[in-house]
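Keep the structure in view as you read.

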Amino acid sequence: MEKIMILNGSPRAVRSNSRRYAEIFSKKSKCKTEYFNILKTNHHNLCSKMAEFRDVLLVFPLYADGIPVTLLDFLKTLELNPPKSKPVVSVLINCGFLEHGQNDTAVCMIKLFCKKNGYRFGSVLKIGSGEAILDSPFKILVKGKIKKLASSICNSRYRALHTTMPIPAKVFVKAAEKYWVNYGAKNGVTKEEMRTMKIEE
Amino acid sequence: MKLILSDRPLKFKPENDSFLFIDLSALNIANCVGCFGCWTKTPGKCVIRDDAVKVYPAIAKSDTLLYISRIKYGGYDTVMKKMLERAIPVQQAFIRLVDGETHHVQRDVKPKNATIIAYGDISDEEKGLFEKLVARNALNMNFEKYNIIYSVESLLEDAVNKEVEKWKK
């Protein structure tokens, strides 16, 4: 049975939504998976370990319209230290915006890396509303798409997938406000405080 | 305010106080840890108190902006990208609609006329991707207008000087 290497490129790896997505992937995958957080200290280990896998799944959030520095720095190390055999690279990306298409530039960056460095690009799952969707009734949509992603990678029938909350943008704006107000309340911060226009004052 | 944010030292020096030059490579800036503290614990302030906290207020106050960055995989290379990720205290957690698309609400961030000087060995494909990226940035970073200039590394100083000369006119 082929193995899939899952690399979490989220800066908050241990507490990240990416970790939760990776856990769902592992449960849904019929191929064996091994999970690793990308840390500043383990780049070289991950690069050499990669040779043991036919497929790699990069799981990460959209950061400032692109790939997070955590992942960017790892890819730069990987470019200089390629594994003996190069796996197929797939992507599971999430952004906090409703539109899964806002992930497109980051996905293109991974495709560009693959092209420049001789890796085949495999499947992609782009998730919109990814900050909150796992704690909403729409979690089932994400689980379904992750199952399809896992199947596509396991069977080497690579494909492009996407999902988000199936709600109008205006409803999403209201739902996001509720989500963040509750988040702030846990820290004792009010909506009015969160709405401050001041920066470092 | 006019701001020049560079990912490397430059010979160029501002002639007066009319603009601020920041060499990011000389600063101590840690990676964003994605804690959302700047939205939900200390709104408008990053919980990591390193040099980034001096930079993002300057970004917010600037109306004319020049970013100078090496390009990697069609995006900003590490030094600039790290700072852009640390600049999210200038936004709120809350979402607004811009032309029907969801984006974060900005705090007190001036609309900007931005120029990006992208340098390095940049392929046409990378240029195309970088242009898509900056178009996205424009929506999320309050760029009213923007212009991208490509330069090879050896001619970077000239490209910067040429752009700053335009500011004087």
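## What counts as a disulfide

A disulfide is a pair of cysteine sulfur atoms within 2.5 Å. The model discussed here is predicted.

The sulfur of B:Cys46 lies 6.1 Å from the closest cysteine sulfur, which belongs to B:Cys38. That is too far for a bond. B:Cys46 is buried, at 10% relative accessibility.

## The one disulfide

Over all chains, the search finds one disulfide. A:Cys31 and A:Cys154 form it, with sulfur atoms 1.9 Å apart. The torsion about their S-S bond is about 90°, so the disulfide is right-handed.

Where do A:Cys31 and A:Cys154 lie? A:Cys31 sits in the loop between α1 (17-28) and β2 (32-37) of chain A. A:Cys154 belongs to helix α5 (residues 139-154) of chain A. The pair therefore ties together parts that are 123 residues apart in sequence. A:Cys31 is buried, with a relative accessible area of 4%. A:Cys154 also counts as buried, at 13%.

## The fold of chain B

Chain B has five helices and eight strands. Along the sequence, they follow the pattern β-β-α-α-β-β-α-β-β-β-α-β-α.

With 169 residues, a compact globule would have a radius of gyration near 15 Å. Chain B has 16 Å, which agrees. Of its 169 residues, 60% count as buried.

## Surface and charge

The accessible surface of chain B is about 7100 Å². Carbon and sulfur atoms hold 51% of that surface. Chain B carries 26 positive and 23 negative side chains. The centres of these two sets lie 5 Å apart.

Technical notes: Residues are numbered from 1 along each chain as its sequence is written. Chains are lettered from A and ligands numbered from 1 in the order in which they are written. This is a predicted model: local features need pLDDT of at least 70, side-chain atom pairs count only at pLDDT 80 or more; totals for chains, interfaces and linings use all residues. Side-chain values use heavy atoms; hydrogens and water are left out. Helices (H or I, at least four residues) and strands (E, at least two) are DSSP runs, numbered from the N terminus. The radius of gyration is taken over C-alpha atoms; the globule rule is 2.2 Å times the number of residues to the power 0.38. Buried means under 20% relative accessible area, exposed over 50%, partly exposed in between (1.4 Å probe, protein chains only). Accessible areas come from the Shrake-Rupley method with a 1.4 Å probe; for residues, only the protein chains shown count as cover. Lys and Arg count as positive and Asp and Glu as negative; His and the chain ends are not counted. The place of a charge is taken as NZ of Lys, CZ of Arg, CG of Asp or CD of Glu.
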